[in-house]
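The following exercises are to be worked through with the sequence and the coordinates at hand. Each task is followed by a stepwise solution.

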Amino acid sequence: AYMKAMPDGSSAVIVVVNLDPRSAQAGMLEVPLARLGLPADGTFDVDDLLSGQRFRWGARNYVRLDPNDGQVAHLL
């Protein structure tokens with residue numbers, strides 16, 4: 001997982017990739033909300049540019065990527 005944002009927290013991009021070509025991988029992803037200018041208990045909406053899905057995220061987020069379902073990455 002990788003996050004890049006402007007110094008003021010705008011224009012953030014979050015990339016999460018499963019490098020295992022055969023098996024699903026899952027885990028908790030922590031987002032540094034302070035870097036985005038959000039409070040520790042804040043939430044924000046993310047759009048997955050690969051799947052078109054929309055999620056509401058916070059500081060800790062469950063992510064599961066399964067190549068058998070055709071989902072190997074999130075580009076948020």
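**Exercise 1.** In which loop is Gly52 found?

*Solution.* The model is a predicted one, in which local features need pLDDT of at least 70 and side-chain atom pairs count only at pLDDT 80 or more, while totals for chains, interfaces and linings use all residues. Residues are numbered from 1 along each chain as its sequence is written, and side-chain values use heavy atoms, with hydrogens and water left out.

Step 1. Strands (E, at least two residues) and helices (H or I, at least four) are DSSP runs, numbered from the N terminus. On this basis, Gly52 belongs to the loop between E4 and E5.

Step 2. E4 and E5 form a hairpin with 6 residues between them. In its turn, Gly52 has a positive phi of about 85 degrees.

Step 3. The relative accessibility of Gly52 is 64%, so this residue counts as exposed; the cut-offs are under 20% relative accessible area for buried, over 50% for exposed and partly exposed in between, with a 1.4 Å probe and protein chains only.

Step 4. Gly52 and Leu76 are 24 residues apart along the chain, and their C-alpha atoms are separated by 9.8 Å.

**Exercise 2.** Identify the strand pairing of E4 and the residues on each of its faces.

*Solution.* Step 1. Two strands pair if DSSP finds at least two bridges between them. Strand E4 (residues 44-47) is joined to strand E5 (residues 54-57) by 4 bridges, and the two run antiparallel.

Step 1. Opposite Val46 stands Phe55 of E5.

Step 2. In a regular strand the side chains alternate between the two faces of the sheet. The covered face of E4 holds Phe44 and Val46, and the uncovered one Asp45 and Asp47.

**Exercise 3.** Which strands form the open sheet, and in what order?

*Solution.* Step 1. The open sheet has 3 strands in the order E1-E2-E7, with antiparallel pairing. Strand E1 (2-4) and strand E7 (73-75) are at the edges with a single partner strand each, so one side of each has no neighbour in the sheet. From one strand to the next the twist averages 10 degrees (axes are lines fitted to C-alpha atoms, for helices over the stretch in contact, and angles run from 0 to 180 degrees between N-to-C directions).

Step 1. E1 is joined to strand E2 (residues 13-17) by 3 bridges. Met3 has Ile14 as its bridge partner in E2, and Lys4 has Val13.

Step 2. Another 3 bridges join E2 to E7, where Leu75 is the bridge partner of Val15.

Step 3. On E2, Ile14 and Val16 make up the covered face, whereas Val13, Val15 and Val17 make up the uncovered one.

Step 4. In the loop between E1 and E2 lies Ser11. The phi of Ser11 is near 55 degrees, a positive value in a residue other than glycine. Ser11 is exposed, at 57% relative accessible area.

**Exercise 4.** Which residues have the most contacts inside the largest nonpolar core?

*Solution.* Step 1. A nonpolar core is a set of buried Ala, Val, Leu, Ile, Met, Phe, Trp, Tyr and Cys residues joined through side-chain atoms within 4.5 Å. The largest one has 14 residues, and Ile14, Val31, Phe44 and Trp57 have the most contacts inside it.

Step 1. At least two residues of this core come from each of E2, E4 and strand E6 (60-65).

Step 2. Contact means heavy atoms within 4.5 Å. Not counting residues up to four places away in sequence, the residues that Phe44 touches include Ile14, Val31, Leu33, Phe55 and Trp57.

**Exercise 5.** Describe the surroundings of Glu30.

*Solution.* Step 1. Glu30 lies in strand E3 (residues 25-30) and is exposed, with a relative accessible area of 57%.

Step 1. Apart from neighbours within four places in sequence, Glu30 contacts Ala59 and Arg60.

**Exercise 6.** How many helices and strands does the chain have?

*Solution.* Step 1. The chain has 0 helices and 7 strands.

Step 1. Of its 76 residues, 32% count as buried.

Step 2. Along its principal axes, the C-alpha trace spans about 40 × 20 × 20 Å.
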